[in-house]
Amino acid sequence: MRRSLRELVMAAGAAVAAIAFAAPVAMAGVAAPTWTVGPNPAETFSAGSGTVRLQWGLDANLPTTCESSAARGNLATASGTANVQVGTIAPLTWSNCTSPFGPLYPSADTTTPWKLMANSYNAGVTKGYVSGVKLRMTMLTCSMTVSGRLATTYTNSTGELKVNDDSTYKLTVGTATPGCAGLAGVGDNWEYQALYSVTTPSGGTTKPVIVFTP
């Protein structure tokens, strides 16, 4: 039996509506890329390092070392592909720092916690960076503020977090007192290298694990 034009229009409209309502249901079943932090997210963590190597000055050629460094913070599972925040760092301290001119006193400003960001993942290794880094360096009559980002590599099997500067992630002098003349100036870059052993919960003994599921 021949269908009227009105019946054909109504049938087409019903088909379009069915497709429109079905689409969100289908999309809802697709999981978003996820950075899963374990073993029991959200996690607190503590981290300690051996020698921290710093170089600073007008040409970043004045070597400074700290005997050790310690940090605490939080880790949490998050969704996204790259530049995803998986944790925060606060506080962070250094011990027994020396330079060619005597003791150096670095002080981290973690009033706003530093952010631990994830960028890429391969076979248990997460590469990313720490953003929001702010600290003050004091030596003799020189005092300066330094800020920027630092590159990170975290390895699940060892529980080690490598922190360093590179061509993309750097620390830069923002302000410097007159006592820094000839030693460091605004715009100079600091080099930073440290290897932290991370455990969870804070003060615990378990190595945290980060896994990316695309």
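Two strands pair if DSSP finds at least two bridges between them. Strands (E, at least two residues) and helices (H or I, at least four) are DSSP runs, numbered from the N terminus. The model is predicted: local features need pLDDT of at least 70, side-chain atom pairs count only at pLDDT 80 or more, and totals for chains, interfaces and linings use all residues. Residues are numbered from 1 along each chain as its sequence is written, and side-chain values use heavy atoms, with hydrogens and water left out.

**View 1. An open sheet of three strands, in the order β5-β1-β15.** The pairing in this sheet is antiparallel. Strands β5 (78-79) and β15 are at the edges; each has a single partner strand, so one side of each lacks a neighbour in the sheet. Strand β1 (residues 34-38) is joined to β5 by two bridges, and these strands run antiparallel. Ala 78 in β5 is the residue opposite Trp 35.

**View 2. The salt bridge between Glu 191 and Arg 53.** A salt bridge is a side-chain nitrogen of Lys or Arg within 4 Å of a carboxyl oxygen of Asp or Glu. The structure holds one. In this pair, the N to O distance is 3.9 Å. Distant parts of the chain are linked here: Glu 191 belongs to strand β14 (residues 189-199) and Arg 53 to strand β3 (residues 52-56), 138 residues apart. Glu 191 is partly exposed at 25% relative accessible area, and Arg 53 is partly exposed at 34%. On this scale buried means under 20% relative accessible area, exposed over 50%, and partly exposed in between (1.4 Å probe, protein chains only).

**View 3. Cis peptide bonds at Pro 91 and Pro 201.** Most residues other than glycine have a negative phi, and most peptide bonds are trans. The bond joining Ala 90 and Pro 91 is cis, with omega about 0 degrees; Pro 91 is in strand β6 (residues 84-99). From Thr 200 to Pro 201 the bond is also cis, with omega near -10 degrees. Pro 201 is in the loop between β14 and β15 (209-213).

**View 4. Positive phi at Asn 96 and Leu 140.** Asn 96 has phi near 55 degrees and is part of strand β6. Its relative accessible area is 52%, which makes Asn 96 exposed. Leu 140, not a glycine either, has phi of about 50 degrees and sits in the loop between β10 (125-139) and β11 (142-155). Leu 140 is exposed at 63% relative accessibility.

**View 5. The largest cavity, with about 150 Å³ of space.** On a 1 Å grid over the protein atoms alone, a cavity is a set of points where a 1.4 Å probe fits but cannot get out; lining residues have an atom within 4 Å of a point. Grid points are joined across faces, edges and corners, and a volume is the space filled by probe spheres set on the points. The whole structure has three cavities of 30 Å³ or more. Of the 16 residues lining the largest, Ile 89, Leu 92, Trp 114, Val 163 and Tyr 196 lie nearest its centre. Elements giving two or more residues to this lining are β2 (43-49), β6, β10, β12 (160-164) and β14. The lining has 16 nonpolar, no polar and no charged residues. Nonpolar covers Ala, Val, Leu, Ile, Met, Phe, Trp, Tyr, Cys and Pro; charged covers Asp, Glu, Lys and Arg; the others, Gly among them, are polar.

**View 6. The second largest cavity, with a volume of about 70 Å³.** Its lining consists of Phe 45, Leu 75, Leu 116, Tyr 154, Leu 161, Val 198, Pro 208 and Ile 210. By class these are eight nonpolar, no polar and no charged residues.

Definitions and conventions:
On a 1 Å grid over the protein atoms alone, a cavity is a set of points where a 1.4 Å probe fits but cannot get out, and a pocket is an open set with protein on both sides within 12 Å along at least five of seven lines; lining residues have an atom within 4 Å of a point.
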